[in-house]
Amino acid sequence: MPPQNGWPLDRTWLDDFTARLSKADVVSFDVFDTAITRNCDAPIDAFALAEERLLVEIGEEVSGFATARELAEQDARTAAAALGREEITFAEIYAALPPRLPGAGRHLERMKAAELKAEADLLSGVPEILEAVRLAQGAGKKVIFVSDMYLPGGQIRQFLENAGYAGGGELHVSSDTGCLKWSGRQWARLRERLGDGARILHIGDDAVADVAMPQKHAIETLAFTRVRSNPRVGGPAGPAVLPFSRAARCRSIRLQQSSRQEGGRNHSEFMTDFGASWGVVIVGSFIRWLEARVQRYGIEQLLFLARDGWLLQQAWEIAGCEARTGVCATYLHASRRVLNLAEAGCDLSEQALDRICKSYKLQPLRTVLDRAGLLGCTDLVAETEKQLGGLGALIKSPAEIEMLRSAMRRHRLAVLAAMAPLRDATLGYLVQQVPDCQRLGVVDLGWYGSLQGSLANLLRRLGRHARLSGFYYSLFPRAQQRRTYAGWLEGAFGNDFIPFRDQFGLRNAVAILENLHSPAEGTTVNYRMTDSVYTPVLGNNAIEMTQHARLIAPFQRSTLEAIDELFTAGRIGPLRVDELTPAAGKAAIDRVALSPTADELAALGQIRHAADFDHTVFVPLVPAGEWHVSPLDTEWPVGAALAWLGKSHERSHLAGSLCKAISETDVRTIRQFQ
Amino acid sequence: MTEDPQLSRLKPRPNFYPAYDSVGDSPRDVRPTVAVIMRTKNRPLLLHRALSSVLLQRYDAWRLYLVNDGGDRREIEEVIARYDMVFGDRLTVLHHAESLGMERASNAALSEATEDLVIVHDDDDSWHPEFLVETTAFLSRPENRRYVGVVTGCTVVGEKIEQGAVHETNRTPWQGARNVIDFRSMLVENMFPPICLVFRRSVVDSIGGFNGALPVLGDWEFHIRLLLLGDIGFIDRPLANYHHRVAGTNSVYSNTVIDGNSLHVRQNILLRNGVMRSALQVQPEALGLLQPVLHALADIEKRLERIEATIGKSRKPRKLRKSLERARLWWLDQTSKYAPLRWGRQSLRHFRFWLRTRPIRRVIARTRGRIR
């Protein structure tokens, strides 16, 4: 992203600056994220770029450089603070690196050079500030640059010159002076140097270091936040995140410009940009992986399962995969509700009873019986009501679930008769919609393969002997149980042989992904025959429809537009189609799920999700925090915990509970709560 | 590069470290090929999982040698037919009309395999998708040439089979190997299950294959022979899963280590007897040293049992504390009596005496004119 090309200048800010310029003798500029900025989502991505290059240059032994480099900086800061020093140097950081990255000792000089090269390649001048410097110099004002940075002054001056600040003024860098802007000592030093009478105007992005602290030393300030990068202090770091990082940076600068000019953006507009950066990386990387798998396995037909498969099917067609592979895609109106219940209606096996009786969230007896169409079984209802204390009683304990199962076993014939209409309609719909071929692909987001298992059993019952292959975002360990009968199961971003704790990012993203991939329709609750054709009966509801129009549709539209452009032209902005790998997709998911920005948290956190297949209870992904509710009980644990952290009385409780639960995940994510 | 003959003369003999110098013996390139040996017999329920575990490896330069050791041939063919598009040409199936036993089944596959590295993947175990990425990378590094193989950390997965499905009951970290494999510990018990180990194919030329005479514990015996040749490295990541069905399964789905526990105990004794017999045949005079040491250990064992019994009987905490204190003192005493530190303690006594008498010795030396 060369900023100068097509970068619309923020004239409002420049006018503000010009108005203040006349009252200043000296104009001071912050350096990073003000005068110059990195063309990536977060500062740590510069280390990721260095790691990418070092991996090619040196090999696998430098894997993990980005994280280790960041930790080494923390170590060096801790050591310096113990000696009463405020700032550290580049050399001190690298001296602290070998304990964090075994084997690094041999390559320290190459690593230093790679980091500086990565910074140089990512940094570019910010047009508003370049213009502001020009205006200040033209007005005869003294221009200086002030930075809190571990890099030596000479290096920063080089960056500034490369970015177009040739012949710029004095440079005050904390690694040279030992004083920080953030603590105020750098400003005291500057005030002393320029004299009490000097009128100074400072431009910077940080609310403390660039605004509050200089004001304490009688320095006028003007905030410039357009190019402020996201801190992203959590989530994994590494080269895989670079495609998303570049795409997100490109969009976020545009977003910040627009929000300034238009007086703030609403969540719909945010979701549009989110689709063009996050959506395109995830969906695009999955579609490329899917296309390769379909060709390798000789799949004849693809079934995209409702509802999460909707966006993927659209992307498959728009990306031209159907034309390239010759594999047709069908959107199958299927849901856990109809497939699981239709399968249960065939034999009422123990597994089927499990699916009927167990719920993800606590449900009352009425809901459990109603969703299976069993409220009409009077004897069963009367018996369970008596045993469990009424239709409103919540099914909580394993003993209560077992009680319900036993009752259903006792009333087996009545239960099967009640489920027969749904079973027959489902089988009829499958005969009509599923092509009779040998190698059938099933596409869905994940996570336990239960839909594929039910589909495989129902197709066998219909005498179809197609070999099913399921292609998913990921599968969680319990999916292993389905491998004996469901067919082949594979995930692009993870699979059931990866422990749950290692899929923490995906676990956090489940509800986000499911909602963002669904169409503007309710879940399939049954099928009806009209003119000898089965059509799905959808359980539409107002919550889902409203939320889709406001948040999800803008995301899906921009994702598909970006997919179209990317797969047609080979690139879109800084993103190349060949960069879209499963690793890139997973890194993008992990980053947003484990370390969201304030905008992401606000927009995604309000999505309301129904976890159970009855779709009766909708809860926001980030609900209002109660002191006794653990974030781990929410649909987006990390998101909820981060949103609740601001409430100080809950902070320690939340931090404790979450840290304990995620103690095996990556150090960066844990750090957000310590 | 030929070695300087002068330096060559200085090479330690016998060479204790490193024991295995495999220069020119390590995988030829950075992507070594791996032979995965899997033995199975009428366990389709578990076989699906095991095959998927191999097929989902992120490292794909492997070939699976599936040995049907006397099981239903048609059943196996039906299972593998479901995965043929995923396997491509990376599968060799060997059918034995009658069961030859686990170790002979492994040898049948081993004799076919030509890959650089070998691993035995039991049909009930599983791997993390990065298992082969990590192990092949470890054995490919030049500095790791001295290792004859490598093991990873392991998770013991408890499970039960109900209504035709496998249900996980618990997961615990494997408590055996936590570092480079200690030969001494390996002589006492097997430090890791086979699912954790990748070894170099070339070692088979030196130590042979698996011992077909052993009905169980063939893996332990093989690991001991492997350690006779060189060290086994360790990767501290739990990348292997050792699956245990709960005791009492008593079917084709049983673990030999669980339901065949008594068989394991007997075979353990027989194997140790064999190892000791083999050593004593070469060096019979070692018996003179071995017998008193073993006698002393047996004596310690008896006393410990007595103390444990006393602690078990004592109800009052004060009495228990006293018993424990007594046991601790007794143990310290026994340790000092039997441990090799005895020599060190005696030497220390001489040194202390030498220090104490130094002033007197200085006076004597001065009178004799040896020092001023």
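**From a buried arginine to the A–B interface**

Let's start inside chain A, at A:Arg423, which sits in helix H20, the stretch covering residues 412-433. Keep in mind as you look around that this is a predicted model. A:Arg423 has a relative accessible area of 18%, and since the cut-off for buried is under 20%, this arginine counts as buried. What is A:Arg423 in contact with, once its neighbours within four places in sequence are left aside? The answer is A:Ala342, A:Gly345 and A:Cys346.

Now for the aromatics. Over all chains, the count comes to 29 aromatic pairs. In general, it takes the distance of the centres and the angle of the planes to describe a pair of aromatic rings. Both A:Phe274 and A:Trp278 belong to helix H12 of chain A, where they are four residues apart, or about one turn of the helix. Are these two buried or exposed? A:Phe274 and A:Trp278 are both buried. Elsewhere in chain A, you can pick out one aromatic cluster made of A:Trp13, A:Phe17, A:Phe29, A:Phe145, A:Tyr165 and A:Phe224.

On to the interface. Here 24 residues of chain A are in contact with 23 residues of chain B. Together the two chains bury about 2,100 Å², with 58% of that on carbon and sulfur atoms. On the chain A side, A:Thr484, A:Trp488 and A:Phe497 account for 31% of the area buried against chain B, more than any other three residues.

What about the polar side of things? Between chain A and chain B there are seven residue pairs in polar contact, counting those with both residues at pLDDT 80 or more. The salt bridge count between the chains is two. One of them joins the side chains of A:Arg439 and B:Asp84, at 3.6 Å from N to O.

Which elements of chain A give two or more residues to the side that touches chain B? They are helix H12 (267-297), helix H16 (350-357), strand S13 (467-472), helix H22 (483-486) and strand S14 (488-491). H22(A) gives the most, with four residues. Sorted by type, the residues on this side of chain A split into eight nonpolar, seven polar and nine charged.

Terms used
Residues numbered from 1 in each chain as written. Chains lettered and ligands numbered in written order. Predicted model: local features only at pLDDT ≥ 70, side-chain atom pairs only at ≥ 80, totals over all residues. Heavy atoms only, no water. Contact = heavy atoms within 4.5 Å. Buried area = accessible area lost by both parts, 1.4 Å probe. Salt bridge = Lys/Arg side-chain N within 4 Å of Asp/Glu carboxyl O. Polar contact = N/O pair within 3.5 Å; in protein donor to acceptor, adjacent residues only side chain to side chain. Nonpolar A, V, L, I, M, F, W, Y, C, P; charged D, E, K, R; others polar. Phe/Tyr/Trp six-rings, centres within 6.5 Å; stacked < 30°, edge-to-face > 60°. Buried < 20%, exposed > 50% of the residue type's maximum accessible area, 1.4 Å probe, protein only.
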